Amino acid sequence: MKMSKVLVVTVAAVGAAGWGMAAHADGKAKFEADCAECHEAGDFAGEDAKALADTIKKIAAGQQKHKSKITLTDAEITSVAAFMAAGK
Ligand code: HEC
């Protein structure tokens, strides 16, 4: 009972925080689902989000060699890169 109440409050807070925060939260979820198997979020902390996004787009397009195939949309790449650059 207590748990579900906390969850509702959290979801509401994320929604209210606006697009920037929501995109960041999406990026975290995507990173944890698709990338965390091999990468730690902290590995990319402090890097430029834009440069990271460009690199990930190249990987997704098959223009840069990478251990795994990346199948994210441009919007997903932008939020994953924002999350990675923040490192948390
Ligand atoms: C199966 C393991 C694996 C998965 C899953 C994986 N990576 Fe990687 N990635 C690697 C390895 C190993 C390297 C470092 C060696 C290299 O550059 O190929 C790397 C390197 C990178 C680099 C640095 C490339 C450069 O040249 O600077 C980026 C950015 C990156 N990965 C992003 C991602 C993202 C985003 C995801 C999730 C969508 C992801 N990776 C998922 C294994 C993985």
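Lys28 and Glu32 both belong to helix H2 (residues 19-34) and are four residues apart, about one turn of the helix. Helices are DSSP runs of H or I with at least four residues, numbered from the N terminus. The two side chains form a salt bridge, 2.9 Å from N to O. A salt bridge is a side-chain nitrogen of Lys or Arg within 4 Å of a carboxyl oxygen of Asp or Glu. The model is predicted: local features need pLDDT of at least 70, side-chain atom pairs count only at pLDDT 80 or more, and totals for chains, interfaces and linings use all residues. Residues are numbered from 1 along each chain as its sequence is written, and side-chain values use heavy atoms, without hydrogens and water.

Three salt bridges are found in the whole structure. Lys28 is partly exposed, at 36% relative accessible area. Partly exposed lies between buried (under 20%) and exposed (over 50%), with a 1.4 Å probe and protein chains only. Another salt bridge joins Lys30 and Glu76 at 3.8 Å, N to O. Lys30 lies in helix H2 and Glu76 in helix H4 (residues 74-86), so this pair ties together parts 46 residues apart in sequence. In helix H3 (residues 49-60), Asp54 and Lys50 are four residues apart. Their side chains meet in a salt bridge of 3.1 Å, N to O. Lys50 is exposed, at 54%.

The ligand is surrounded by 14 residues, the closest being Cys35, Cys38, His39, Gln64 and His66. A polar side-chain atom of His39 lies 2.7 Å from a ligand nitrogen atom.

Key: Near = heavy atom within 4 Å. Polar contact = N/O pair within 3.5 Å; in protein donor to acceptor, adjacent residues only side chain to side chain. Helix = DSSP H or I, 4+ residues; strand = E, 2+ residues; numbered from the N terminus.
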